[in-house]
Amino acid sequence: MTAAESDFTYTTVDNTAMVTGYTGSETELVIPDTLGGYTVTSIGNRALWQNQTFVSVTIPETVTSIEEYAFWKCTALETVSIPGGVTKIGNSVFKDCSKLANITLPKNLIEIGEGVFENCTALTEIELPKSLVTMPNKQLFKNSGLTSVSFEDGTEIVAENILSQCSKLQSVTLPESVREIGVSAFWGCTELTEVRIPDGVTKIGSSAFAQCIGLTTITISRSVTAIAETAIDYSYLATKLTSSWCQRHLRVGVGE
């Protein structure tokens, strides 16, 4: 059931409504698509932060942006339904939501901020949409519970810092569409042990797998023409780069 309009505060922007606060006690919160006759198009900065009551949140299909800290420290929150029209998620939106376990990023998402899922320890898997073009510089999943990540088919660039400091990450699935792995993309993923680089990748950026102390095997296609000298700095691989070890573990051109 949609929560009562009287439980929300809002402001109007360009003849639409931005949610700015909530005073109700729903445990399964359904945000209305209109407030005061205005279409709800955004969830504002700190609008629902530090709520200890709702377990699930359904955001209306009319919303296109979720501003920074909107759900920060909602410690009971387990499930969020984000509509397909959302193109922007601001900084730290779900930071410290320690029970958040179920969330699907919209296929049209273009921009996502820093620390959005930082300290979300119950979140173990997620798919990243190919539409993402504006990425944070760091800490998107820092100290989260993320163990498995996949990238939507059609993704061409694994963005800079996208999974840096994702300390529990064990499995990464990269589609064949990937052409480039960005700077520090997997920096500090200490539990990552094996990575297969798709055949179409031509560039691996600096520190892409640096500080991956558990990384013992990496499979690289002959299509790769540029690997930064620091790509695997301070990783297990970096300590083992001898000719005989590389023959066993650094698999170049496998499958060609």
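These legends describe close-up views of a predicted model. Local features need pLDDT of at least 70, side-chain atom pairs count only at pLDDT 80 or more, and totals for chains, interfaces and linings use all residues. Residues are numbered from 1 along each chain as its sequence is written, and side-chain values use heavy atoms, without hydrogens or water.

View 1. Strands here are DSSP runs (E, at least two residues), numbered from the N terminus. Two strands pair if DSSP finds at least two bridges between them. Strand β1 (residues 8-13) pairs with β2 in the antiparallel sense, over six bridges. Within β2, Y22 is the residue opposite F8. The β1 and β2 hairpin has two residues between its strands, and D14 takes a positive phi near 50° there. β2 also pairs with strand β5 (residues 38-43), this time in the parallel sense and over three bridges. Here A17 stands opposite V40 of β5.

**View 2. Burial of β2.** Buried means under 20% relative accessible area, exposed means over 50%, and partly exposed lies in between (1.4 Å probe, protein chains only). Strand β2 spans residues 16-22, and six of its seven residues are buried, so the rest of the structure largely encloses this strand.

**View 3. The open sheet.** Four strands line up in the order β3-β6-β8-β10, with parallel pairing. At the edges sit β3 (28-30) and β10 (102-103), each pairing on one side only. Strand β8 (residues 79-81) runs parallel to β10 and is joined to it by two bridges. T79 stands opposite N102 of β10.

**View 4. The largest nonpolar core.** A nonpolar core is a set of buried Ala, Val, Leu, Ile, Met, Phe, Trp, Tyr and Cys residues joined through side-chain atoms within 4.5 Å. The largest one has 72 residues. F71, F94, F117, L163, F186 and F209 have the most contacts inside it. Two or more residues come from each of β2, β5, β12 (125-128), β13 (148-151) and β19 (217-220). β2 gives the most, with three residues.

**View 5. Surroundings of F186.** Contact means heavy atoms within 4.5 Å. Neighbours within four places in sequence are left aside. The partners of F186 are then V158, L163, L169, V172, L174, I181, L192, A208, F209, A210 and C212.

**View 6. Aromatic pairs.** Rings of Phe, Tyr and Trp (its six-membered ring) pair if their centres lie within 6.5 Å; planes under 30 degrees apart count as stacked, over 60 as edge-to-face and the rest as tilted. The structure holds eight such pairs. In one of them, W49 and W72 have ring centres 5.4 Å apart and planes at 35°, so this pair is tilted. W49 lies in the loop between β5 and β6 (56-58), and W72 in the loop between β7 (65-66) and β8, so the pair ties together parts 23 residues apart in sequence. W49 is partly exposed, at 33% relative accessibility, while W72 is buried, at 16%. F94 and F117 form a stacked pair, 5.8 Å centre to centre with 10° between the planes. Both are buried. F71, F94, F117 and F141 make up one aromatic cluster.

**View 7. R46 over Y69.** A charge sits over a ring if NZ of Lys or CZ of Arg is within 6 Å of the ring centre and within 35 degrees of the ring normal. R46 lies over the face of Y69, at 4.5 Å from the ring centre.
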